[in-house]
Amino acid sequence: MVSIEQAREQLASIDAWVQSEIDAGHTPAAAVGIIVNGEVVFKGGFGLRDRERGLPVDSDTVFAIGSCSKAFTALGIGLLVDDGKTTWDTRIRDVIPEFRLYDPIATELSTFRDLLSHRTGLPRHDAMWYGSTDTREGMIARLRHHTPTATFRERFQYQNLMFMTAGYAAGKIAGMSWEDLTQTRILDPLGMKRSTFTVSHMEADANAARPYSYRNGGFELVPYRNLDALAPAGAINSNIDDLIPWLRLNMQGDETIIKDATRRELVQPHTVIPDSPMFPWYGSSEITHTTYALGWAASTYRGHTMIRHNGGIDGFNSSIAFLPHQGIGVIVLCNTQEREPAGVTMFGIVDRLLGLEPLPWWDRFEQVAEMGRKQLAEHKQKLITERHADAKISHPLADYAGTYHHAGYGDMVITLDGDKLGAVYGGLTLHLTPHHYDHFMVEVDNEPDLFFVSSFFSDEWGNIQRFTCQLEPALEATEFMRVVEK
(Lines give C-alpha, C1' and ligand atoms only; values in the text may rest on other atoms or scores of the structure.)
Protein backbone atom coordinates (compact mmCIF):
# COMPACT_ATOMS: atom_id res chain seq x y z
CA MET A 1 0.00 0.00 0.00
CA VAL A 2 1.18 3.50 -0.82
CA SER A 3 0.72 5.77 2.21
CA ILE A 4 -0.96 9.16 1.92
CA GLU A 5 2.23 10.82 3.14
CA GLN A 6 4.27 9.10 0.43
CA ALA A 7 1.69 10.11 -2.17
CA ARG A 8 1.77 13.77 -1.18
CA GLU A 9 5.55 13.74 -1.31
CA GLN A 10 5.59 12.16 -4.77
CA LEU A 11 3.00 14.66 -6.01
CA ALA A 12 4.76 17.76 -4.67
CA SER A 13 5.57 19.00 -8.18
CA ILE A 14 2.56 17.56 -10.02
CA ASP A 15 1.20 20.94 -11.15
CA ALA A 16 4.26 21.85 -13.20
CA TRP A 17 4.68 18.28 -14.44
CA VAL A 18 1.08 17.84 -15.71
CA GLN A 19 1.19 21.23 -17.41
CA SER A 20 4.41 20.27 -19.16
CA GLU A 21 2.86 16.93 -20.18
CA ILE A 22 -0.23 18.42 -21.78
CA ASP A 23 1.89 21.06 -23.51
CA ALA A 24 4.10 18.30 -24.92
CA GLY A 25 1.02 16.38 -26.03
CA HIS A 26 -0.65 19.35 -27.69
CA THR A 27 -3.64 19.16 -25.36
CA PRO A 28 -5.63 22.34 -24.59
CA ALA A 29 -6.73 21.18 -21.15
CA ALA A 30 -6.68 18.38 -18.60
CA ALA A 31 -8.54 17.76 -15.35
CA VAL A 32 -6.95 15.37 -12.84
CA GLY A 33 -8.21 13.62 -9.72
CA ILE A 34 -6.12 11.26 -7.55
CA ILE A 35 -7.23 9.03 -4.66
CA VAL A 36 -4.92 7.21 -2.27
CA ASN A 37 -6.44 4.87 0.33
CA GLY A 38 -9.85 6.46 -0.19
CA GLU A 39 -8.61 10.00 0.40
CA VAL A 40 -8.42 12.65 -2.33
CA VAL A 41 -4.78 13.72 -2.48
CA PHE A 42 -5.11 15.87 -5.58
CA LYS A 43 -7.75 17.38 -7.86
CA GLY A 44 -7.38 20.26 -10.24
CA GLY A 45 -7.40 21.57 -13.76
CA PHE A 46 -4.77 22.62 -16.28
CA GLY A 47 -5.00 24.66 -19.46
CA LEU A 48 -8.13 26.03 -21.11
CA ARG A 49 -11.51 24.36 -21.48
CA ASP A 50 -12.41 27.02 -24.08
CA ARG A 51 -9.45 28.46 -26.02
CA GLU A 52 -11.51 31.04 -27.88
CA ARG A 53 -12.78 32.65 -24.67
CA GLY A 54 -9.73 31.88 -22.53
CA LEU A 55 -11.74 29.93 -19.92
CA PRO A 56 -9.77 27.70 -17.51
CA VAL A 57 -10.45 24.16 -16.28
CA ASP A 58 -11.28 23.15 -12.73
CA SER A 59 -12.50 19.98 -11.04
CA ASP A 60 -16.12 20.94 -11.84
CA THR A 61 -15.50 21.21 -15.62
CA VAL A 62 -17.50 18.60 -17.56
CA PHE A 63 -15.86 16.45 -20.25
CA ALA A 64 -17.22 13.67 -22.45
CA ILE A 65 -15.73 10.48 -20.95
CA GLY A 66 -16.42 8.24 -23.97
CA SER A 67 -15.91 4.53 -23.38
CA CYS A 68 -15.29 5.01 -19.67
CA SER A 69 -19.10 4.93 -19.70
CA LYS A 70 -18.93 1.17 -20.30
CA ALA A 71 -18.13 0.48 -16.65
CA PHE A 72 -21.36 2.26 -15.67
CA THR A 73 -23.37 0.02 -17.99
CA ALA A 74 -21.71 -3.11 -16.59
CA LEU A 75 -22.28 -2.02 -13.00
CA GLY A 76 -25.92 -1.21 -13.79
CA ILE A 77 -26.39 -4.79 -14.99
CA GLY A 78 -24.64 -5.96 -11.83
CA LEU A 79 -27.27 -4.11 -9.79
CA LEU A 80 -29.98 -6.05 -11.61
CA VAL A 81 -28.07 -9.26 -10.81
CA ASP A 82 -28.11 -8.21 -7.15
CA ASP A 83 -31.87 -7.64 -7.43
CA GLY A 84 -32.34 -11.20 -8.68
CA LYS A 85 -33.85 -9.90 -11.93
CA THR A 86 -31.17 -11.38 -14.20
CA THR A 87 -27.78 -13.13 -14.18
CA TRP A 88 -24.52 -12.49 -16.00
CA ASP A 89 -25.29 -15.59 -18.07
CA THR A 90 -28.85 -14.69 -19.05
CA ARG A 91 -29.22 -15.05 -22.83
CA ILE A 92 -29.78 -11.75 -24.61
CA ARG A 93 -32.54 -13.32 -26.74
CA ASP A 94 -34.46 -14.08 -23.56
CA VAL A 95 -34.56 -10.33 -22.91
CA ILE A 96 -34.66 -9.04 -26.52
CA PRO A 97 -36.45 -11.74 -28.59
CA GLU A 98 -35.68 -9.86 -31.83
CA PHE A 99 -31.90 -9.91 -31.16
CA ARG A 100 -30.10 -11.57 -34.08
CA LEU A 101 -26.46 -11.79 -35.14
CA TYR A 102 -25.11 -13.05 -38.46
CA ASP A 103 -23.79 -16.14 -36.68
CA PRO A 104 -26.79 -18.24 -35.48
CA ILE A 105 -24.71 -19.78 -32.69
CA ALA A 106 -23.82 -16.32 -31.35
CA THR A 107 -27.49 -15.36 -31.68
CA GLU A 108 -28.65 -18.26 -29.52
CA LEU A 109 -25.89 -18.27 -26.92
CA SER A 110 -24.83 -14.63 -26.39
CA THR A 111 -25.20 -13.54 -22.76
CA PHE A 112 -24.58 -10.34 -20.83
CA ARG A 113 -21.15 -11.74 -19.97
CA ASP A 114 -20.31 -12.17 -23.67
CA LEU A 115 -21.47 -8.71 -24.72
CA LEU A 116 -19.68 -7.01 -21.82
CA SER A 117 -16.36 -8.77 -22.52
CA HIS A 118 -16.24 -8.28 -26.33
CA ARG A 119 -16.28 -11.92 -27.41
CA THR A 120 -19.25 -12.34 -29.79
CA GLY A 121 -17.06 -12.64 -32.91
CA LEU A 122 -18.18 -9.30 -34.32
CA PRO A 123 -15.55 -6.64 -35.22
CA ARG A 124 -16.21 -2.96 -34.53
CA HIS A 125 -18.47 -1.94 -37.46
CA ASP A 126 -18.27 1.59 -36.01
CA ALA A 127 -19.34 3.20 -39.29
CA MET A 128 -22.82 1.82 -38.60
CA TRP A 129 -23.37 4.13 -35.61
CA TYR A 130 -20.93 7.00 -36.13
CA GLY A 131 -23.11 10.04 -36.84
CA SER A 132 -26.21 7.87 -37.24
CA THR A 133 -29.65 9.23 -36.33
CA ASP A 134 -31.07 5.72 -35.94
CA THR A 135 -32.56 4.48 -32.68
CA ARG A 136 -31.17 1.72 -30.47
CA GLU A 137 -33.99 -0.54 -31.63
CA GLY A 138 -33.15 0.26 -35.25
CA MET A 139 -29.46 -0.52 -34.83
CA ILE A 140 -30.18 -3.74 -32.95
CA ALA A 141 -32.43 -4.82 -35.83
CA ARG A 142 -29.57 -4.31 -38.30
CA LEU A 143 -26.93 -6.25 -36.33
CA ARG A 144 -27.84 -9.52 -38.11
CA HIS A 145 -26.49 -8.15 -41.40
CA HIS A 146 -22.92 -7.57 -40.16
CA THR A 147 -20.31 -10.21 -40.87
CA PRO A 148 -18.20 -11.55 -37.97
CA THR A 149 -14.45 -12.03 -38.21
CA ALA A 150 -14.17 -14.70 -35.52
CA THR A 151 -16.26 -17.54 -34.19
CA PHE A 152 -18.32 -17.00 -31.07
CA ARG A 153 -16.14 -16.65 -27.93
CA GLU A 154 -12.99 -17.21 -30.00
CA ARG A 155 -11.21 -13.95 -29.22
CA PHE A 156 -11.42 -10.37 -27.99
CA GLN A 157 -12.78 -7.82 -30.48
CA TYR A 158 -13.74 -4.42 -29.10
CA GLN A 159 -17.41 -3.80 -29.92
CA ASN A 160 -19.43 -0.68 -29.06
CA LEU A 161 -22.70 -1.97 -30.52
CA MET A 162 -22.73 -4.91 -28.12
CA PHE A 163 -22.48 -2.56 -25.13
CA MET A 164 -25.35 -0.54 -26.58
CA THR A 165 -27.36 -3.76 -26.82
CA ALA A 166 -26.47 -4.77 -23.26
CA GLY A 167 -27.56 -1.38 -21.95
CA TYR A 168 -30.82 -1.58 -23.89
CA ALA A 169 -31.48 -5.06 -22.49
CA ALA A 170 -30.76 -3.83 -18.96
CA GLY A 171 -33.33 -1.09 -19.44
CA LYS A 172 -35.94 -3.62 -20.59
CA ILE A 173 -35.34 -5.76 -17.48
CA ALA A 174 -35.52 -2.70 -15.20
CA GLY A 175 -38.65 -1.37 -16.91
CA MET A 176 -37.01 1.96 -17.75
CA SER A 177 -34.45 3.42 -20.12
CA TRP A 178 -30.72 2.80 -19.67
CA GLU A 179 -30.39 6.49 -18.82
CA ASP A 180 -32.99 6.29 -16.04
CA LEU A 181 -31.45 3.09 -14.68
CA THR A 182 -28.00 4.68 -14.57
CA GLN A 183 -29.35 7.92 -13.10
CA THR A 184 -31.46 6.40 -10.32
CA ARG A 185 -29.23 3.48 -9.34
CA ILE A 186 -25.73 4.95 -9.78
CA LEU A 187 -25.52 8.72 -10.32
CA ASP A 188 -28.10 9.75 -7.70
CA PRO A 189 -26.83 7.48 -4.87
CA LEU A 190 -23.27 8.72 -5.50
CA GLY A 191 -24.31 12.38 -5.66
CA MET A 192 -23.08 12.75 -9.25
CA LYS A 193 -25.25 15.81 -9.92
CA ARG A 194 -23.22 17.21 -12.83
CA SER A 195 -23.08 14.01 -14.89
CA THR A 196 -25.35 13.78 -17.95
CA PHE A 197 -25.92 11.68 -21.08
CA THR A 198 -26.41 13.97 -24.07
CA VAL A 199 -24.60 16.51 -26.22
CA SER A 200 -27.41 19.00 -25.58
CA HIS A 201 -26.50 19.00 -21.88
CA MET A 202 -22.85 19.71 -22.76
CA GLU A 203 -23.80 22.55 -25.07
CA ALA A 204 -25.93 24.16 -22.37
CA ASP A 205 -23.40 23.69 -19.54
CA ALA A 206 -21.60 26.89 -18.52
CA ASN A 207 -18.59 24.91 -17.30
CA ALA A 208 -18.16 22.32 -20.06
CA ALA A 209 -14.96 21.73 -22.02
CA ARG A 210 -14.99 22.38 -25.76
CA PRO A 211 -13.62 19.57 -28.00
CA TYR A 212 -10.48 20.19 -30.06
CA SER A 213 -8.25 18.49 -32.59
CA TYR A 214 -4.55 19.28 -33.05
CA ARG A 215 -3.65 19.35 -36.75
CA ASN A 216 -1.15 21.10 -38.95
CA GLY A 217 0.52 22.74 -35.98
CA GLY A 218 -2.62 24.23 -34.42
CA PHE A 219 -5.85 23.55 -32.59
CA GLU A 220 -9.17 23.22 -34.40
CA LEU A 221 -12.52 23.33 -32.63
CA VAL A 222 -14.58 20.27 -33.58
CA PRO A 223 -18.33 19.65 -33.10
CA TYR A 224 -19.66 17.69 -30.15
CA ARG A 225 -20.42 14.12 -31.26
CA ASN A 226 -24.02 13.03 -30.63
CA LEU A 227 -24.04 9.53 -29.13
CA ASP A 228 -27.64 9.35 -27.94
CA ALA A 229 -28.44 5.98 -29.53
CA LEU A 230 -25.09 4.45 -28.58
CA ALA A 231 -25.15 5.98 -25.09
CA PRO A 232 -24.55 2.79 -23.02
CA ALA A 233 -21.22 2.37 -24.84
CA GLY A 234 -19.89 5.88 -24.45
CA ALA A 235 -22.15 8.92 -23.94
CA ILE A 236 -21.66 9.95 -20.30
CA ASN A 237 -20.42 13.49 -19.60
CA SER A 238 -18.84 14.01 -16.20
CA ASN A 239 -16.18 15.81 -14.18
CA ILE A 240 -13.53 15.10 -11.56
CA ASP A 241 -15.77 15.98 -8.60
CA ASP A 242 -18.43 13.48 -9.74
CA LEU A 243 -16.02 10.75 -10.82
CA ILE A 244 -14.12 10.65 -7.52
CA PRO A 245 -17.02 8.97 -5.62
CA TRP A 246 -17.57 6.70 -8.65
CA LEU A 247 -13.93 5.61 -8.56
CA ARG A 248 -14.04 5.20 -4.78
CA LEU A 249 -17.11 2.92 -5.16
CA ASN A 250 -15.22 0.68 -7.58
CA MET A 251 -12.12 0.61 -5.38
CA GLN A 252 -13.61 0.24 -1.90
CA GLY A 253 -17.22 -0.79 -2.47
CA ASP A 254 -20.44 0.24 -0.78
CA GLU A 255 -22.91 -2.55 -0.08
CA THR A 256 -25.77 -0.07 0.15
CA ILE A 257 -25.29 0.31 -3.62
CA ILE A 258 -23.76 -2.95 -4.89
CA LYS A 259 -22.77 -6.25 -3.30
CA ASP A 260 -19.02 -6.76 -2.94
CA ALA A 261 -19.13 -10.12 -4.74
CA THR A 262 -20.82 -8.47 -7.74
CA ARG A 263 -18.37 -5.57 -7.73
CA ARG A 264 -15.44 -8.00 -7.73
CA GLU A 265 -16.95 -9.92 -10.66
CA LEU A 266 -16.81 -6.72 -12.73
CA VAL A 267 -13.00 -6.73 -12.69
CA GLN A 268 -12.33 -10.45 -13.08
CA PRO A 269 -10.54 -11.40 -16.35
CA HIS A 270 -12.91 -12.76 -18.99
CA THR A 271 -11.25 -12.35 -22.39
CA VAL A 272 -7.53 -12.27 -23.21
CA ILE A 273 -6.45 -9.13 -25.08
CA PRO A 274 -3.56 -10.16 -27.35
CA ASP A 275 -0.33 -8.18 -27.41
CA SER A 276 0.06 -5.77 -30.34
CA PRO A 277 3.33 -5.25 -32.26
CA MET A 278 2.32 -1.60 -32.63
CA PHE A 279 2.61 -1.20 -28.84
CA PRO A 280 5.72 -3.13 -27.76
CA TRP A 281 5.31 -2.28 -24.08
CA TYR A 282 2.30 -4.65 -23.95
CA GLY A 283 3.59 -8.10 -23.14
CA SER A 284 6.90 -6.66 -21.92
CA SER A 285 7.87 -6.43 -18.26
CA GLU A 286 5.81 -3.21 -18.02
CA ILE A 287 2.28 -4.24 -19.02
CA THR A 288 1.46 -7.95 -18.96
CA HIS A 289 -1.50 -10.34 -18.79
CA THR A 290 -3.91 -7.83 -20.34
CA THR A 291 -7.51 -8.98 -20.30
CA TYR A 292 -10.98 -7.51 -20.59
CA ALA A 293 -13.30 -7.97 -17.64
CA LEU A 294 -16.86 -6.52 -17.64
CA GLY A 295 -16.60 -2.87 -18.66
CA TRP A 296 -13.00 -2.67 -17.44
CA ALA A 297 -9.61 -3.85 -18.71
CA ALA A 298 -7.34 -5.66 -16.24
CA SER A 299 -3.57 -6.07 -16.48
CA THR A 300 -0.34 -6.06 -14.53
CA TYR A 301 1.44 -2.70 -14.68
CA ARG A 302 5.11 -2.77 -13.65
CA GLY A 303 4.35 -5.66 -11.31
CA HIS A 304 1.08 -4.28 -9.89
CA THR A 305 -2.52 -5.20 -10.71
CA MET A 306 -4.20 -2.35 -12.62
CA ILE A 307 -7.87 -1.97 -13.53
CA ARG A 308 -8.53 0.74 -16.10
CA HIS A 309 -10.46 2.00 -19.10
CA ASN A 310 -9.80 4.71 -21.64
CA GLY A 311 -12.38 6.71 -23.53
CA GLY A 312 -12.13 8.62 -26.78
CA ILE A 313 -14.70 10.46 -28.87
CA ASP A 314 -14.33 13.49 -31.16
CA GLY A 315 -12.22 16.02 -29.28
CA PHE A 316 -12.14 14.19 -25.93
CA ASN A 317 -9.94 11.60 -24.24
CA SER A 318 -10.31 10.11 -20.75
CA SER A 319 -8.60 7.55 -18.55
CA ILE A 320 -9.83 6.09 -15.27
CA ALA A 321 -7.59 3.58 -13.49
CA PHE A 322 -6.97 2.06 -10.10
CA LEU A 323 -4.41 -0.24 -8.51
CA PRO A 324 -6.50 -2.14 -5.93
CA HIS A 325 -3.60 -3.55 -3.92
CA GLN A 326 -1.84 -0.18 -3.70
CA GLY A 327 -4.92 1.91 -2.93
CA ILE A 328 -4.21 4.20 -5.90
CA GLY A 329 -6.92 5.67 -8.15
CA VAL A 330 -6.36 8.16 -10.99
CA ILE A 331 -8.77 10.08 -13.26
CA VAL A 332 -7.57 12.17 -16.21
CA LEU A 333 -9.90 14.01 -18.59
CA CYS A 334 -8.66 15.88 -21.69
CA ASN A 335 -10.29 17.87 -24.49
CA THR A 336 -8.38 16.47 -27.43
CA GLN A 337 -8.00 12.88 -28.57
CA GLU A 338 -4.73 12.65 -30.52
CA ARG A 339 -2.03 10.41 -28.99
CA GLU A 340 -4.09 9.35 -25.95
CA PRO A 341 -3.12 12.29 -23.68
CA ALA A 342 -5.26 11.08 -20.76
CA GLY A 343 -3.74 7.58 -20.77
CA VAL A 344 -0.20 8.92 -21.08
CA THR A 345 -0.74 11.32 -18.17
CA MET A 346 -2.38 8.59 -16.08
CA PHE A 347 0.60 6.25 -16.55
CA GLY A 348 2.98 9.06 -15.59
CA ILE A 349 1.08 9.78 -12.38
CA VAL A 350 1.04 6.10 -11.42
CA ASP A 351 4.81 5.86 -12.04
CA ARG A 352 5.37 8.70 -9.59
CA LEU A 353 2.99 7.36 -6.95
CA LEU A 354 4.74 4.00 -7.06
CA GLY A 355 8.11 5.73 -6.67
CA LEU A 356 9.35 4.27 -9.96
CA GLU A 357 11.50 5.88 -12.61
CA PRO A 358 9.00 7.57 -14.98
CA LEU A 359 8.77 6.04 -18.43
CA PRO A 360 8.92 8.23 -21.58
CA TRP A 361 5.27 7.76 -22.49
CA TRP A 362 4.96 10.79 -24.79
CA ASP A 363 7.99 9.73 -26.79
CA ARG A 364 6.60 6.21 -27.11
CA PHE A 365 3.19 7.31 -28.31
CA GLU A 366 4.75 9.80 -30.70
CA GLN A 367 6.85 6.98 -32.17
CA VAL A 368 3.69 4.91 -32.66
CA ALA A 369 1.93 7.89 -34.25
CA GLU A 370 4.88 8.54 -36.55
CA MET A 371 4.98 4.88 -37.56
CA GLY A 372 1.27 5.05 -38.39
CA ARG A 373 1.73 8.24 -40.41
CA LYS A 374 4.61 6.67 -42.33
CA GLN A 375 2.63 3.52 -43.16
CA LEU A 376 -0.34 5.56 -44.35
CA ALA A 377 1.86 7.79 -46.50
CA GLU A 378 3.53 4.74 -48.04
CA HIS A 379 0.17 3.11 -48.74
CA LYS A 380 -1.22 6.26 -50.35
CA GLN A 381 1.91 6.69 -52.44
CA LYS A 382 1.64 3.07 -53.57
CA LEU A 383 -1.95 3.66 -54.68
CA ILE A 384 -0.81 6.69 -56.68
CA THR A 385 2.33 5.10 -58.14
CA GLU A 386 0.60 1.90 -59.26
CA ARG A 387 -2.40 3.69 -60.72
CA HIS A 388 -3.16 2.98 -64.37
CA ALA A 389 -3.36 6.63 -65.37
CA ASP A 390 -4.59 5.92 -68.90
CA ALA A 391 -7.45 3.67 -67.78
CA LYS A 392 -10.43 5.99 -67.70
CA ILE A 393 -13.79 5.37 -66.04
CA SER A 394 -16.37 3.64 -68.24
CA HIS A 395 -19.32 6.01 -67.67
CA PRO A 396 -20.01 9.73 -67.33
CA LEU A 397 -19.72 10.80 -63.68
CA ALA A 398 -23.48 11.35 -63.47
CA ASP A 399 -24.07 7.62 -63.99
CA TYR A 400 -22.32 6.79 -60.72
CA ALA A 401 -24.55 9.08 -58.65
CA GLY A 402 -27.51 7.49 -56.91
CA THR A 403 -28.65 5.75 -53.74
CA TYR A 404 -26.92 2.52 -52.74
CA HIS A 405 -28.13 0.28 -49.91
CA HIS A 406 -26.65 -2.24 -47.48
CA ALA A 407 -28.98 -3.97 -45.01
CA GLY A 408 -26.64 -3.36 -42.08
CA TYR A 409 -25.16 0.02 -42.94
CA GLY A 410 -28.23 1.57 -44.55
CA ASP A 411 -28.14 4.01 -47.48
CA MET A 412 -25.13 5.63 -49.09
CA VAL A 413 -26.27 8.53 -51.28
CA ILE A 414 -23.68 9.51 -53.89
CA THR A 415 -24.23 12.89 -55.50
CA LEU A 416 -22.67 14.83 -58.38
CA ASP A 417 -21.75 18.45 -57.70
CA GLY A 418 -20.36 19.98 -60.87
CA ASP A 419 -17.59 17.60 -61.89
CA LYS A 420 -17.10 16.00 -58.46
CA LEU A 421 -18.71 12.99 -56.79
CA GLY A 422 -19.35 13.08 -53.08
CA ALA A 423 -21.41 11.44 -50.36
CA VAL A 424 -22.43 12.00 -46.76
CA TYR A 425 -22.64 8.87 -44.64
CA GLY A 426 -23.43 9.27 -40.95
CA GLY A 427 -20.86 11.70 -39.59
CA LEU A 428 -18.51 11.37 -42.58
CA THR A 429 -18.32 13.51 -45.73
CA LEU A 430 -16.72 11.53 -48.57
CA HIS A 431 -15.08 12.75 -51.77
CA LEU A 432 -14.76 10.31 -54.69
CA THR A 433 -12.10 10.98 -57.33
CA PRO A 434 -11.65 8.74 -60.42
CA HIS A 435 -8.57 6.58 -59.87
CA HIS A 436 -8.51 4.09 -62.73
CA TYR A 437 -11.10 1.96 -64.53
CA ASP A 438 -14.23 2.07 -62.34
CA HIS A 439 -12.27 2.48 -59.12
CA PHE A 440 -12.37 5.75 -57.18
CA MET A 441 -10.09 7.19 -54.50
CA VAL A 442 -12.29 8.01 -51.50
CA GLU A 443 -11.09 10.65 -49.05
CA VAL A 444 -12.85 11.88 -45.90
CA ASP A 445 -13.31 15.52 -44.94
CA ASN A 446 -11.15 16.61 -41.98
CA GLU A 447 -9.78 13.06 -41.62
CA PRO A 448 -6.46 12.92 -43.52
CA ASP A 449 -5.82 9.36 -42.29
CA LEU A 450 -9.06 8.01 -43.78
CA PHE A 451 -8.78 7.10 -47.47
CA PHE A 452 -9.35 4.01 -49.56
CA VAL A 453 -10.17 2.86 -53.08
CA SER A 454 -13.78 1.95 -53.81
CA SER A 455 -15.19 0.22 -56.87
CA PHE A 456 -18.32 0.38 -59.00
CA PHE A 457 -19.68 -2.62 -60.92
CA SER A 458 -22.06 -2.83 -63.87
CA ASP A 459 -24.70 -5.36 -64.86
CA GLU A 460 -24.75 -7.12 -68.26
CA TRP A 461 -26.39 -4.09 -69.88
CA GLY A 462 -23.67 -1.75 -68.64
CA ASN A 463 -25.76 -0.08 -65.92
CA ILE A 464 -23.95 0.79 -62.67
CA GLN A 465 -25.42 -1.74 -60.25
CA ARG A 466 -23.33 -1.83 -57.07
CA PHE A 467 -20.63 -0.02 -55.14
CA THR A 468 -18.07 -1.24 -52.60
CA CYS A 469 -16.82 0.85 -49.70
CA GLN A 470 -14.25 -0.03 -47.00
CA LEU A 471 -16.26 0.73 -43.85
CA GLU A 472 -14.90 -2.03 -41.60
CA PRO A 473 -11.07 -2.36 -41.68
CA ALA A 474 -11.19 -5.97 -40.46
CA LEU A 475 -13.23 -7.11 -43.48
CA GLU A 476 -13.25 -6.85 -47.24
CA ALA A 477 -15.04 -3.83 -48.67
CA THR A 478 -18.78 -3.68 -47.93
CA GLU A 479 -21.04 -4.01 -50.96
CA PHE A 480 -23.91 -1.55 -51.45
CA MET A 481 -26.56 -2.37 -54.06
CA ARG A 482 -28.03 0.42 -56.15
CA VAL A 483 -31.62 1.31 -55.26
CA VAL A 484 -33.61 1.40 -58.48
CA GLU A 485 -35.91 4.38 -58.63
CA LYS A 486 -39.51 3.48 -59.36
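Predicted model: local features only at pLDDT ≥ 70, side-chain atom pairs only at ≥ 80, totals over all residues.
Where is Ser117 found?

1. **Ser117.** The loop between α6 (112–116) and α7 (136–142) holds Ser117. Leaving aside its neighbours within four places in sequence, Ser117 is in contact with Phe156, His270, Thr271, Tyr292, Ala293 and Leu294.

2. **Overall dimensions.** A compact globule of 486 residues would have a radius of gyration near 23 Å; the chain has 23 Å, so the two agree. Along the principal axes, the C-alpha atoms fill a box of roughly 80 × 50 × 45 Å. Both descriptions belong in any summary of the fold.

3. **Composition and burial.** The chain comes to 15 helices and 21 strands. Of its 486 residues, 55% count as buried. Take the contacts between residues at least 6 apart in sequence: 63% of them join residues at least 24 apart.

4. **The open sheet.** Nine strands form an open sheet in the order β3-β2-β1-β13-β12-β11-β10-β9-β8, with antiparallel pairing. Its edge strands are β3 (55–56) and β8 (271–272), each of which pairs on one side only. Helix α12 (residues 240–252) packs on this sheet. That helix touches β1, β2, β12 (316–323) and β13 (328–334). The direction of α12 makes about 145 degrees with that of β13.

5. **β1 and β2.** Eight bridges pair strand β1 (residues 29–36) with strand β2 (residues 39–50) in the antiparallel sense.

6. **β12.** How many of the eight residues of β12 are buried? Eight of the eight are, so the strand is largely enclosed by the rest of the structure. Phe316, Ser318, Ile320 and Phe322 point one way from β12. Asn317, Ser319, Ala321 and Leu323 point the other way. The residues of both sets are all buried.

7. **Partners of β12.** Strand β11 (residues 304–313) runs antiparallel to β12, and seven bridges join them. His309 has Ile320 as its bridge partner in β12. β12 and β13 also run antiparallel, joined by seven bridges. Here Ser319 stands opposite Val332 in β13.

8. **The two hairpins.** The hairpin of β11 and β12 has two residues between the strands, and Gly315 takes a positive phi near 80 degrees in it. The hairpin of β12 and β13 has four residues between the strands. In that hairpin, Gly327 takes a positive phi near 70 degrees.

9. **The barrel.** Eight strands make a closed barrel, running β14-β15-β16-β17-β18-β19-β20-β21 with antiparallel pairing. The twist from one strand to the next averages 30 degrees. Helix α15 (residues 361–385) packs on the sheet and touches β17 (428–436), β18 (439–444) and β19 (447–458). The direction of α15 makes about 35 degrees with that of β19.

10. **β20 and β21.** Strand β20 (residues 464–469) and strand β21 (residues 478–482) run antiparallel, joined by four bridges. The bridge partner of Arg466 in β21 is Met481.

11. **Thr107.** Helix α5 (residues 104–109) includes Thr107. At 4% relative accessibility, this residue counts as buried, the cut-off being under 20%. Not counting residues up to four places away in sequence, Thr107 touches Arg93, Phe99, Arg100 and Leu101. A polar atom of the Thr107 side chain lies 2.8 Å from the backbone nitrogen of Leu101. Asp60 is 47 residues from Thr107 along the chain, and their C-alpha atoms are separated by 43 Å.

12. Two residues deserve a look. Arg153 is not a glycine, yet has a positive phi of about 65 degrees. Arg153 has its place in the loop between α7 and α8 (160–174). With a relative accessible area of 43%, Arg153 is partly exposed. His289, also a residue other than glycine, has a positive phi near 50 degrees. His289 is found in strand β9 (residues 287–292). Is His289 buried or exposed? At 65% relative accessibility, His289 counts as exposed.

Note on methods: Residues numbered from 1 in each chain as written. Heavy atoms only, no water. Pairing = 2+ DSSP bridges. Contact = heavy atoms within 4.5 Å. Axes fitted to C-alpha atoms, helices over the stretch in contact; angles between N-to-C directions. Rg over C-alpha atoms; globule rule 2.2 N^0.38 Å. Buried < 20%, exposed > 50% of the residue type's maximum accessible area, 1.4 Å probe, protein only. Polar contact = N/O pair within 3.5 Å; in protein donor to acceptor, adjacent residues only side chain to side chain.
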